[in-house]
Amino acid sequence: GTAIGKYLKPLGFNLDLAPVADVLDDNVESIIGDRAFSSDPETVSRFSWQFASGLQDSGVTACFKHYPGHGSVSGDTHAEAVYQSKTKEELMETDLVPFQNAALSDARMIMASHITCREITGDDTPTSLSKIMLTDILRNELGFNGVIITDAMNMGAVTNIYPDSGEAAITAINAGADIILMPADFHEAYNAVLSAASSGQIETERVNDSLRRILKIKLGKY
């Protein structure tokens with residue numbers, strides 16, 4: 001982490017969308033593969049935090065991904081919906097362990113995947129657009145106070161359900177996301193968010209909450 005941070009910082013980068021904090025399930029053909037540190041949750045927790053610490057000691061913010069864990073599901077959210085069959089209790093014992101550790105250690109940023117957790121939400125809403133997953137669980141239960149950034153919103157798991165980039169962006173923000181990453185149509189998303197904030201569809205305090213978290217990172221207040 002330190003080596004990568006020292007390489008990135010002089011080039012002007014202040015954020016690396018890493019580390020991968022997914023716990024690999026050896027019985028599942030996951031796209032994460034050798035991007036994962038381990039199939040043991042505690043090992044992933046230690047390694048991902050040390051990697052993040054090295055980055056941040058070098059002046060580059062780390063982002064733990066892909067909440068709630070991409071290592072135990074098959075399928076690729078770049079192309080299609082991906083379903084997690086575990087219950088919340090099962091996730092708390094496995095996939096969520098590194099993210100819980102990151103939250104308790106005051107991690108600055110976590111990326112929300114587009115995985116659908118039907119056993120938790122009761123519907124097919126991707127995690128990145130689910131208030132249950134972002135606000136109720138990640139914020140309120142796991143205690144994460146940093147920035148939530150979505151995975152790329154131009155991925156099939158989102159666009160197949162929300163072809164309107166503006167609707168997807170508004171839904172994600174109201175669910176608890178602070179930063180919308182790579183909407184399929186940037187201008188459509190941008191203008192829709194501005195309009196929603198002006199009309200009250202997105203509450204002012206929801207915007208201010210995100211602004212405070214983002215500025216905290218930019219101003220080095222961690």
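**Close-up views of a predicted model**

**Figure 1. Once neighbours within four places in sequence are set aside, T121 is in contact with S130, I132 and M133.** Contact here denotes heavy atoms within 4.5 Å. The model is predicted: local features need pLDDT of at least 70 and side-chain atom pairs count only at pLDDT 80 or more, while totals for chains, interfaces and linings use all residues. Residues are numbered from 1 along each chain as its sequence is written, and side-chain values use heavy atoms, with hydrogens and water left out. T121 belongs to helix α5, which spans residues 118-121. Helices (DSSP runs of H or I, at least four residues) and strands (DSSP runs of E, at least two) are numbered from the N terminus. With a relative accessible area of 13%, T121 is buried; the term buried means under 20% relative accessible area, exposed means over 50%, and partly exposed lies in between, with a 1.4 Å probe and protein chains only. A polar contact of 3.1 Å links the side chains of T121 and D123. Such a contact is a pair of N or O atoms within 3.5 Å; within protein, one must be able to donate a hydrogen and the other to accept it, and residues adjacent in sequence count only if both atoms are side-chain atoms.

**Figure 2. S130 occupies the loop between α5 and α6.** This residue, S130, counts as buried at 5% relative accessibility. Not counting residues up to four places away in sequence, S130 touches T121, T125 and A175. A polar atom of the S130 side chain lies 3.2 Å from the backbone nitrogen of M133. Although S130 and A112 are 18 residues apart along the chain, their C-alpha atoms are separated by 9.8 Å.

**Figure 3. Helix α6 (residues 131-141) packs with helix α8 (residues 165-175).** The angle between the two helices is about 20°, and their axes are 8 Å apart. Axes are lines fitted to C-alpha atoms, for helices over the stretch in contact, and angles run from 0 to 180 degrees between N-to-C directions. That angle makes α6 roughly parallel to α8; angles under 35 degrees count as roughly parallel, over 145 as roughly antiparallel, 65 to 115 as roughly perpendicular and the rest as oblique. The crossing of α6 past α8 is right-handed, that is, the near helix is turned clockwise from the far one by less than a right angle. From α6, the contact is made by K131, L134 and T135, and from α8 by A172, N174 and A175. Three of these contact residues are nonpolar, two are polar and one is charged; Ala, Val, Leu, Ile, Met, Phe, Trp, Tyr, Cys and Pro count as nonpolar, Asp, Glu, Lys and Arg as charged, and the others, Gly among them, as polar. The buried residues of α6 are M133, L134, T135, I137, L138 and R139. Just after α6, G143 adopts a positive phi of about 80°.

**Figure 4. Helix α8 is largely enclosed by the rest of the structure, since eight of its 11 residues are buried.** These buried residues are S165, G166, A168, A169, I170, A172, I173 and A175. They pack against α6, β5 (147-150), α7 (156-159), α9 and α10 (204-218). At the start of α8, the backbone nitrogen of G166 has a side-chain oxygen of D164 within 2.8 Å. Just after α8, G176 takes a positive phi of about 130°.

Figure 5. E188 is partly exposed at 33% relative accessibility. Its side chain reaches the backbone nitrogen of S165 at 2.8 Å. Leaving aside neighbours within four places in sequence, the contacts of E188 are P163, D164, S165 and G166. The C-alpha atoms of E188 and E89, which are 99 residues apart along the chain, are separated by 38 Å.

Figure 6. Most residues other than glycine have a negative phi, and most peptide bonds are trans. A18 and P19 are joined by a cis peptide bond with omega of about 15°; P19 sits in the loop between β1 (15-16) and α2 (41-57). The peptide bond from K65 to H66 is also cis, with omega near 5°, and H66 is in strand β3 (residues 64-67). D106, not a glycine, has a positive phi of about 65°. D106 lies in the loop between α4 (97-104) and β4 (109-112) and counts as exposed at 52% relative accessibility. M182, likewise not a glycine, has a positive phi of about 50°. The loop between α8 and α9 (186-199) holds M182, which is partly exposed with a relative accessible area of 45%.
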